[in-house]
Amino acid sequence: MTTKHQGACLCGDVRFELEGDFQSFYLCYCQWCQKDTGSAHAANLFAAASVLTWVSGRDRVRTYRHASTRHARSFCQNCGSAVPTVAEELGLVVVPAGSLDGAVPIAATARLFVSRRPEWCQQLEAVRGFDALPE
């Protein structure tokens with residue numbers, strides 16, 4: 001039985017389905033992932049031998065490929081949310097973990113480029129946490 005995963009962008013214009021399993025889940029702190037997420041790291045799932053189907057909004061998906069690297073990011077042109085990228089040269093579909101409608105089905109495989117992790121996110125366990133917006 002093949003596993004199916006659904007997901008969407010923030011505005012809901014772009015919806016997708018991935019048929020297949022994820023082999024790895026990387027948290028990447030490289031300079032490109034920091035720039036394209038605006039955060040400390042990207043959280044991407046990697047699926048080989050999987051089929052990506054755009055359920056809606058395929059015409060709203062744009063892909064940026066950083067020159068002279070394998071770094072690429074696909075996004076909804078309406079809301080800017082990250083959506084899956086087909087990395088044909090690697091035979092993979094790269095799926096941003098936060099774009100899935102359901103739970104991420106595998107544990108993180110590894111953290112990459114940890115030496116580039118920003119100072120402000122190195123000891124987050126000590127920072128006060130809230131279950132919702134604070135009053």
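Me: Which residue is the bridge partner of tyrosine 26 in E4?
Reply: In this predicted model, asparagine 44 of E4 is the bridge partner of tyrosine 26.

Me: And in E11, what is the bridge partner of tyrosine 26?
Reply: There the partner is alanine 110.

Me: Do E3 and E4 pair in the parallel or antiparallel sense, and over how many bridges?
Reply: Antiparallel, over five bridges. Another bridge partner in E4 is alanine 42, which pairs with cysteine 28.

Me: How many bridges join E3 to E11?
Reply: Three bridges join them, and these two strands run parallel. In general, strands of a sheet pair through backbone hydrogen bonds, in either the parallel or the antiparallel sense.

Me: What is the strand order of the sheet?
Reply: The order is E9-E10-E4-E3-E11, an open sheet of five strands with mixed pairing.

Me: Which strands stand at the edges?
Reply: Strand E9 (85–87) and strand E11 (110–112) do. Each has a single partner strand, so one side of each has no neighbour in the sheet.

Me: By how many degrees are neighbouring strands turned against each other?
Reply: On average by 30 degrees, with direction ignored.

Me: Back to E3. How many of its residues are buried?
Reply: Four of its five residues are buried, so the strand counts as mostly covered.

Me: Which residues make up the largest nonpolar core?
Reply: That core has 12 residues, among them Phe25 and Leu27, along with Leu45, Ala47, Val93 and Val95. Strands E2 (15–19), E3 (24–28), E4 (42–48) and E10 (92–96) each supply at least two residues of this core.

Me: What about a second core?
Reply: A separate core of five residues includes Cys9, Val14, Cys76 and Val83.

Me: What does histidine 5 touch?
Reply: Leaving out residues up to four places away in sequence, histidine 5 touches Phe16, Glu17, Leu18, Gly20, Phe22, Leu100 and Pro105. A polar atom of the histidine 5 side chain lies 3.3 Å from the backbone oxygen of glycine 20.

Me: And which residues is leucine 100 in contact with?
Reply: Beyond its neighbours within four places in sequence, leucine 100 is in contact with His5, Gln6, Gly7, Phe16, Phe22, Leu45, Val95 and Pro105. Leucine 100 is also one of the residues of the largest nonpolar core.

Me: What is the mean pLDDT of the chain?
Reply: The mean is 93, and 99% of the residues reach 70 or more.

Technical notes. Residues numbered from 1 in each chain as written. Predicted model: local features only at pLDDT ≥ 70, side-chain atom pairs only at ≥ 80, totals over all residues. Heavy atoms only, no water. Polar contact = N/O pair within 3.5 Å; in protein donor to acceptor, adjacent residues only side chain to side chain. Contact = heavy atoms within 4.5 Å. Core = buried A, V, L, I, M, F, W, Y, C linked by side-chain atoms within 4.5 Å. Buried < 20%, exposed > 50% of the residue type's maximum accessible area, 1.4 Å probe, protein only. Pairing = 2+ DSSP bridges. Axes fitted to C-alpha atoms, helices over the stretch in contact; angles between N-to-C directions. pLDDT = per-residue confidence, 0-100.
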